[in-house]
Amino acid sequence: MTHQLYDFGMIGLGVMGRNFLLNVADDGFAALGTDINEDSVKALNEEGDGMNVRGVNTQKEFVSLLSKPRKIMLLVPAGKIVDKVIEGLLPLLDENDIIIDGGNSHYDDTNRRYEFLKTKNIRFLGTGVSGGAEGARRGPSIMPGGDKSAWDDVRPILETVAAKVDGDPCVTYIGESSSGHYVKMVHNGIEYGLMQLIAEAYDILKRVGGMGNDEMSDLFSKWNEGRLNSFLVEISAAILKQRDDKLDGHLLDVILDKAKQKGTGKWTSQTAMDLGVPTPTIDSAVTMRGISAFKEFRQDMSKIQSEVHSDEVPLKGEGLASAVEEALYFGFIICYAQGMHLLAEASEELNYDLDMEGIARIWRGGCIIRATLLEQIRGAFSNHPKLKNMISTRQFRDELHACRDSVVEIMHLTNERGISTMCMSSALQYFEAFRSERLPLNMVQAQRDYFGSHTYERIDQKGTFHTEWEK
C-alpha cells in the first residue's frame, strides 16, 4: 500500500497553526499537521474537509508522511516547549531535514538552537510570523532567518502563502542565525509603540475634545483614508464603534484598562539598551503597560491627587482633531524610525547583514504594523542603503518639522489637564534631542569624573582628561 506524502508539516494546531496550514493547502501544497491535543487535530480535519490537508495524532506518523527533505514548522508557545518538541523530533529526522520555528522565540534561544541543530545536520529557520489568526489564514508577513539552503527549499511555499502587495510577497530571507526572530521582535516593539500612540490620541480626543465613541470612530476612519492609513488605525475605528452585547453602550467603555504583554516589547527595549540605541517611544509603551497593571494603586492615587482642571470646557472642533492627527503622524514616524535604527545598528553589531529596504517592503502587507507609511520608509532605505536613522532624510525631516507645532500644542493641553501622554511626549523629546547640536551631557560627564574619576573629553583639545575637582 502506498501513502500520500505531504509537502509541508505543522506541529501546533492552535488557531494560528491551523490557519497557517489551511493557507498552505489553499495554495496547492499537500499539508500535514499534528498536535498533542486530539481536539485540535480533529478541528483541522473538519475545517480542511475537501482540501489536501490532514491531521494525525502522533509525531511518528506525522514524520513518516512528509516528503524529503522534510519541512516542519512549529507554532507552539515560545520557551522550553520548543526545545521539547525539537528533542522529540530529532530521532525521527534525517540529515538535511528542515525545522522552522514560527513562534515568538527570543533570539538568544534561536541562536542556541541554530548552532545545536547544525551539529545534527538539521537545517533550522527561526521565522517571525505576523498578522494574527486572520493573517495566518489569508496571508501573513513572514520573516525567516537561519540556514540559507533551507530558505531556498521552503521559499516556494512561503512566498505563495505570504500576503501580497502589488504582487510582491511579504516574505524575504532576513539573514543568518537568529536574524528572523530579531526582526520580528523589533516589529513587535514598534507595534507596542504604535498601539500606545493611538491609545493616547483616543484619550486626548475623549478627555480634551469631549468626543463620543461613534464620533471618534468616524474620525479614525477618515484618518485611515489618508497618511495614517494602517491596520491599527483601521481596527481602532472598528473598536470604537462596537456595541456591547451585554449592556447598553459601547464595548470599549467597559473593557478594563490593564494591558497584558508577552515580552517581545520588553525584549526590544532590553536589546536596544544593550546596543546603546535610543528607543524611548517603544520603551514608554512598555512602561505604560507596566503602569496599567497597577490598577488598585492607580485608583488609590486618583483619590489622593485631585483631578487637574476638571472644569475645563471641552475643545471641540476640527482644530483639535487636526492637531491630534499631526501629533499621531509625528509619533508614527518617530516610532518606526526608532525600530529601524535599532535594526540598522543590530545588523552590524550582530553580523546579520540586514536588507533594511527588504524589511520595510515585507512589512507593507499582512503584518500588524502594516501601513502606507512603510512604502515611504522602504523608499528611504532604497535610496540610501547605508541609512541608519530615517529622520535624517529630507522627506521625514520636513514632515516632522511641519507637525512639530501641533505636537507641542497637544503636549501643552495634556500637561495642563493632567493627561498622561508618555509615548507622544517621548517622541517629541527624541526629535528635539537629535536636532540639538549641544546637549547638557557635558554636565553628566563632569559629574562622572567628579565622583568616579571616569575622565572626559574636551571640545578644544584631543585626548582624555581628568580633573582633581575641588571638594
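How many residues does helix H17 have, and what distance does it reach from its first C-alpha to its last?

Modeller: This is a predicted model, and what follows should be read as such. Helix H17 runs over residues 394-417 and has 24 residues. From its first C-alpha to its last it reaches 35 Å, which is close to the 34 Å expected at 1.5 Å a residue.

The buried residues of H17 include Phe-396, Glu-399, Leu-400 and Cys-403.

As to the setting, the domain assignment gives domain 1 as 8-173, domain 2 as 184-435 and domain 3 as 445-470. Between the C-alpha centres of domain 2 and domain 3 there are 39 Å.

Next comes the second largest pocket, with a volume of about 320 Å³. Its lining is made up of 14 residues, and those nearest the centre of the pocket are Ser-347, Leu-354, Met-356, Pro-385 and Lys-386. Helices H14 (318-349), H15 (356-362) and H16 (373-383) each contribute at least two lining residues. H14 gives the largest share, three residues. Sorted by class, the lining of this pocket holds six nonpolar, six charged and two polar residues.

The loop between H14 and H15 contains Asn-351. Asn-351 is not a glycine, yet its phi is positive, at about 60 degrees. With a relative accessible area of 63%, Asn-351 counts as exposed because the cut-off for that class is over 50%.

Thr-455 also has a positive phi, near 70 degrees, and is a residue other than glycine. Its place is in the segment after helix H19 (441-452). Thr-455 has a relative accessible area of 26%, so it is classed as partly exposed, between the limits of 20% and 50%.

One backbone detail remains. The peptide bond from Lys-68 to Pro-69 is cis, and its omega is near -10 degrees. Pro-69 sits in the loop between helix H3 (59-64) and strand S4 (71-74).

Definitions and conventions. Residues are numbered from 1 along each chain as its sequence is written. This is a predicted model: local features need pLDDT of at least 70, side-chain atom pairs count only at pLDDT 80 or more; totals for chains, interfaces and linings use all residues. Side-chain values use heavy atoms; hydrogens and water are left out. On a 1 Å grid over the protein atoms alone, a cavity is a set of points where a 1.4 Å probe fits but cannot get out, and a pocket is an open set with protein on both sides within 12 Å along at least five of seven lines; lining residues have an atom within 4 Å of a point. Grid points are joined across faces, edges and corners, and a volume is the space filled by probe spheres set on the points. Helices (H or I, at least four residues) and strands (E, at least two) are DSSP runs, numbered from the N terminus. Ala, Val, Leu, Ile, Met, Phe, Trp, Tyr, Cys and Pro count as nonpolar, Asp, Glu, Lys and Arg as charged, and the others, Gly among them, as polar. Domain bounds come from an automatic or database domain assignment. The expected span of a helix is 1.5 Å times one less than its number of residues. Buried means under 20% relative accessible area, exposed over 50%, partly exposed in between (1.4 Å probe, protein chains only).
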